[in-house]
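Dear colleague,

I am passing a structure on to you, and I would be glad if you could look through it alongside the notes that follow.

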Amino acid sequence: PRRVALVADHFHPVKLPAEARINTEVATRLVARGYRVDLFCTQGAVLTDYMAGVSLQPQPPTWDWQVVLRLARQIAGGDYDDILVMYDAGSFGLCSWITLLPLWLRKRHRVRGRITAHFTNAVPSPFPPRFGRGLRGLNRLGFRLVDGVIGGLCYADRLAFYCEEHRSTLLRNQPHLLARSVIAPAPLTVDLHPLPADSAESLRARLGFDPGRPLIVFFGLIYPLKGIEFLLHAVEVLNRGGKRVQVAIIGGHGGLSGDETWRRTCRDYWEAMQRLTNELRLQGQVRWAGHVNEADLPGWLAAADLACFPFTIGIRANNSSFTICAAYGLPVVTTDDQNVDAIFREPNNGVRLVPRRRADLLAEALGELLADSSRLGVMRTEINAFYQRHFDWDAFVDAVLIPRDCSGNQVMLGIAQNIGDIEKRENLT
């Protein structure tokens, strides 16, 4: 059986069950395919201390350079066919020494295994002084770390991202790396509860809505990029046209980080949106539901005609609120942008795209769909099929693993080409 070294970076100040679920799912699905998996991870990087067929290799809580050197020696001695680095780029803005692991494996140990670096977020930030000095020192030794964003991860044979925005952000200065990058949309990391059997009308009545009026739902954490102001203005446009709708806004404000400035920004946005609701006289149409338990969420979604996500930067394949609605078969109206993932432009996918920051066009799309119940019925089937195609766990594992039929010579040729590209770019700059 093929051997896989799965390195799960979880150097984070808080527990992140979503990332832990992803690492756990990937490991167990590799085992189900007949792989032998050694999981190198810090505490909290997986959901359990025991997984059948997975050998856990505990790591220290921080990835300093000495730990990475020892880890590289350990992996190099394991003769792995595949090395998969699940890098939590959202933790410290790609400033962890673990980013040097693919470089060290290639340049120091000359491993033959296929290396994939998977990025769970995209938060580039300036290198801390000590880390920056370390990179400059490695450059002087001939390691050619031309990439100031992803560091030594550029020595991987495959770079996998959740969405196009993450890829364009992290590879913005290295277009030559795009050829070996892939988009692997994030599967759901929450459990789906069954939809209630009641009709939408009876569910609306039970939730306190008018059962005879259309219901639009917004779902997810609330912070400035969510564009709720455009949804509120779109509802006001529909009112002026004689089309009165109801809106349920589900979710708490997004100020959950350790950054006090961001928490204050999220609270201010939440309060501003509620003031805007009153200014537009939408109190009787817009319900601020706050947080809804996972078990109760299906009832709210089943009561709605469609979901609306008026994101100011456009829809992304890593928007979990969209993925949940798609899994439940709820049609979606959302916003377009130059970095919107190609899957959202597929025909007949149950998604209606409108230009971002255009309340008038958003109102037009909402009014058109709410007036056509047969079209909404078709979209329910389409978006569920869309979810099954693109957000499946096995499809995710397929995307992050390099094809099995690549021979050792092909892999080594690819490694040489990768390093040649990097060194060529360094010489040019």
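Contact, as used below, means heavy atoms within 4.5 Å. The model is a predicted one, in which local features need pLDDT of at least 70 and side-chain atom pairs count only at pLDDT 80 or more, while totals for chains, interfaces and linings use all residues. Residues are numbered from 1 along each chain as its sequence is written, and side-chain values use heavy atoms, with hydrogens and water left out.

I begin with the nonpolar cores, a core being a set of buried Ala, Val, Leu, Ile, Met, Phe, Trp, Tyr and Cys residues joined through side-chain atoms within 4.5 Å, where buried means under 20% relative accessible area, exposed over 50% and partly exposed in between, with a 1.4 Å probe and protein chains only. The largest nonpolar core has 69 residues, and those with the most contacts inside it are Ile228, Leu232, Ile249, Phe322 and Leu366. If neighbours within four places in sequence are left aside, Ile228 is in contact with Phe218, Ile222, Ile249, Tyr269, Met273, Trp288 and Pro310. There is also a second, separate core of 34 residues, which includes Trp97, Leu103, Leu105 and Cys154.

Helices (H or I, at least four residues) and strands (E, at least two) are DSSP runs numbered from the N terminus, and two strands pair if DSSP finds at least two bridges between them. With parallel pairing, 7 strands form an open sheet in the order β3-β2-β1-β4-β5-β6-β7. Since β3 (54–58) and β7 (181–183) stand at the edges with a single partner strand each, one side of each is left without a neighbour in the sheet.

Strand β1 (residues 3–8) has 5 of its 6 residues buried, and 6 bridges join β1 in parallel to β2 (residues 36–41), with Ala8 opposite Cys41. On β4 (residues 82–87), which is joined to β1 by 5 bridges and runs parallel to it, Ile83 stands opposite Ala5.

In β4, 6 of the 6 residues are buried; Asp82, Leu84 and Met86 point one way, whereas Ile83, Val85 and Tyr87 point the other way. In a regular strand, side chains alternate between the two faces of the sheet. Another 6 bridges join β4 to the parallel strand β5 (residues 114–119), where Arg114 is the bridge partner of Asp82 and Phe119 stands opposite Tyr87.

With best regards
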